[in-house]
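Below is a set of questions and answers about one protein model.

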Amino acid sequence: MPSTPIDDPEPMPGENDPGSRAGRGGWALALALTPVLLIVGLVPGFITQDGPAHLYNAEILRASLGSESPFAGAFAVRWAPLPNWAGHLLLMGLLSILSPRWSDVAATSIPLMALASAAFFLRKRVADDPDEVAPALLCALIAVNVCWLLGFTGFLLGACLFPITLGVWWEGRNRMTPARVAALAGLIVVGYFGHLVSLGLTIVGLIVLSLATPGLSWRRLLGTLAAISPMIVLGPIYRGIMKQGGPVEPIWGHLQDVRSLASWRQQLGWVDPISLGRKLIFPGVRGESPWFGLVSPVVLMIAALVLFAGITWRRRDPQRRGWLILGGVLLLGGFVTPDTL
């Protein structure tokens with residue numbers, strides 16, 4: 001008796017739909033951030049290092065805009081186009097509609113969610129891997145970092161513009177239309193008012209990707225240069241304002257001797273933005289041990305980066321060669337730059 005072929009079961013609706021996979025990634029990102037957001041909102045004693053100072057400054061700024069400011073004898077608002085406006089403007093807006101406590105909660109939560117979402121946005125624009133859940137969890141880990149605990153609101157808002165700007169550039173890298181260039185230039189201007197460091201990294205990223213991504217053309221290069229052209233105006237303005245505050249000298253507080261391994265270890269510990277506590281302890285275990293450092297978040301992150309770099313190198317996708325080069329440039333730059341930066 002001839003055998004009857006068994007038909008393969010039909011896939012569930014939406015099982016292979018890219019939109020469904022992206023939806024799972026979004027849910028994974030939201031679930032990973034939910035415990036942190038609950039802690040921020042429900043624990044009254046949870047504050048960041050600089051959060052209260054930013055809140056107080058924003059209240060002074062908001063009150064000083066009125067005609068009868070109680071701070072008029074001591075403070076005046078200067079509208080010089082300095083970077084780091086974004087965090088103060090955010091808090092001023094929040095204080096207009098919320099109490100100080102909930103303004104601080106919102107100002108702490110918004111950069112957390114924004115940075116994780118911006119990183120996830122970039123990943124979706126660049127990668128063609130259908131997996132969305134694991135990258136979403138990694139994006140959540142990136143957002144919960146030491147800079148966030150320190151309350152660097154302006155810096156984090158500026159850092160959000162880094163992946164967004166690079167993602168917009170990547171989508172239109174081979175079709176630099178006037179609209180695309182204008183959008184990128186607008187993101188550069190907004191990034192300037194976020195933070196100067198993240199803006200500088202964004203410009204470095206655009207240049208490295210433009211030169212290292214295959215298919216380089218004059219149109220792409222000129223479009224990229226036109227997108228960062230607002231710095232021709234903003235750069236000298238910032239330089240002139242900074243001269244009023246005196247010179248800024250690079251200082252390496254931890255890298256005292258480039259020939260010393262111990263000095264380089266201190267530098268590595270200083271630039272670590274992932275570990276939230278001491279690296280020589282382990283939760284639930286009494287005492288300290290150098291072996292605990294092997295499972296610290298920064299060491300695990302470095303191991304993951306080495307693994308991902310090896311996988312990327314083996315795949316040798318020429319279209320994404322620029323991202324591998326940019327990642328190396330940023331990691332090396334973050335490791336050797338002075339503490340004052």
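**Helix packing and a buried threonine**

In this predicted model, helix α8 (residues 178-192) and helix α11 (residues 231-243) pack with their axes 11 Å apart, at an angle of about 15 degrees.

Q: Are α8 and α11 roughly parallel or roughly antiparallel to each other?
A: The axes of α8 and α11 meet at an angle of about 15 degrees. Angles under 35 degrees count as roughly parallel and those over 145 as roughly antiparallel. The two helices are therefore roughly parallel.

Q: What is the handedness of the crossing of α8 and α11, and how many nonpolar residues does their contact have?
A: The crossing of α8 and α11 is left-handed. On the α8 side the contact is made by Ile188, Val189 and Tyr192, and on the α11 side by Met231, Leu234 and Tyr238. By class, this contact has no polar and no charged residues, and its nonpolar residues number six.

Q: At roughly what angle do the axes of α8 and α10 cross, and is the crossing right-handed or left-handed?
A: Helix α10 covers residues 218-227, and its axis comes within 8 Å of that of α8, with a crossing angle of roughly 35 degrees. As for its hand, the crossing of α8 and α10 is right-handed.

Q: Which residues of α10 make the contact with α8?
A: From α8, the contact is made by Val181, Leu184, Ala185 and Ile188. By class, the contact of α8 with α10 has six nonpolar residues, one polar residue and no charged residues. The residues that α10 brings to this contact are Gly223, Ala226 and Ala227.

Q: Is threonine 165 buried or exposed?
A: Threonine 165 is found in helix α7, which covers residues 153-171. Its relative accessible area is 1%, and the cut-off for a buried residue is under 20%. Threonine 165 is therefore buried.

Q: Which backbone oxygen does the side chain of threonine 165 reach?
A: Leaving aside neighbours within four places in sequence, threonine 165 is in contact with Leu184, Leu187, Thr202 and Leu206. Its side chain also reaches a backbone oxygen at 2.6 Å, that of leucine 161.

Q: How many helices does the protein have, and what share of its contacts between residues at least 6 apart in sequence join residues at least 24 apart?
A: The protein has zero strands and 14 helices, and its C-alpha trace spans about 100 × 60 × 55 Å along the principal axes. Of its 341 residues, 34% count as buried. Among contacts between residues at least 6 apart in sequence, the share joining residues at least 24 apart is 71%.

Definitions and conventions
Residues are numbered from 1 along each chain as its sequence is written. This is a predicted model: local features need pLDDT of at least 70, side-chain atom pairs count only at pLDDT 80 or more; totals for chains, interfaces and linings use all residues. Side-chain values use heavy atoms; hydrogens and water are left out. Helices (H or I, at least four residues) and strands (E, at least two) are DSSP runs, numbered from the N terminus. Buried means under 20% relative accessible area, exposed over 50%, partly exposed in between (1.4 Å probe, protein chains only). A polar contact is a pair of N or O atoms within 3.5 Å; within protein, one must be able to donate a hydrogen and the other to accept it, and residues adjacent in sequence count only if both atoms are side-chain atoms. Contact means heavy atoms within 4.5 Å. Axes are lines fitted to C-alpha atoms, for helices over the stretch in contact, and angles run from 0 to 180 degrees between N-to-C directions. A crossing is left-handed if the near helix is turned anticlockwise from the far one by less than a right angle, and right-handed if clockwise. Ala, Val, Leu, Ile, Met, Phe, Trp, Tyr, Cys and Pro count as nonpolar, Asp, Glu, Lys and Arg as charged, and the others, Gly among them, as polar. Angles under 35 degrees count as roughly parallel, over 145 as roughly antiparallel, 65 to 115 as roughly perpendicular and the rest as oblique.
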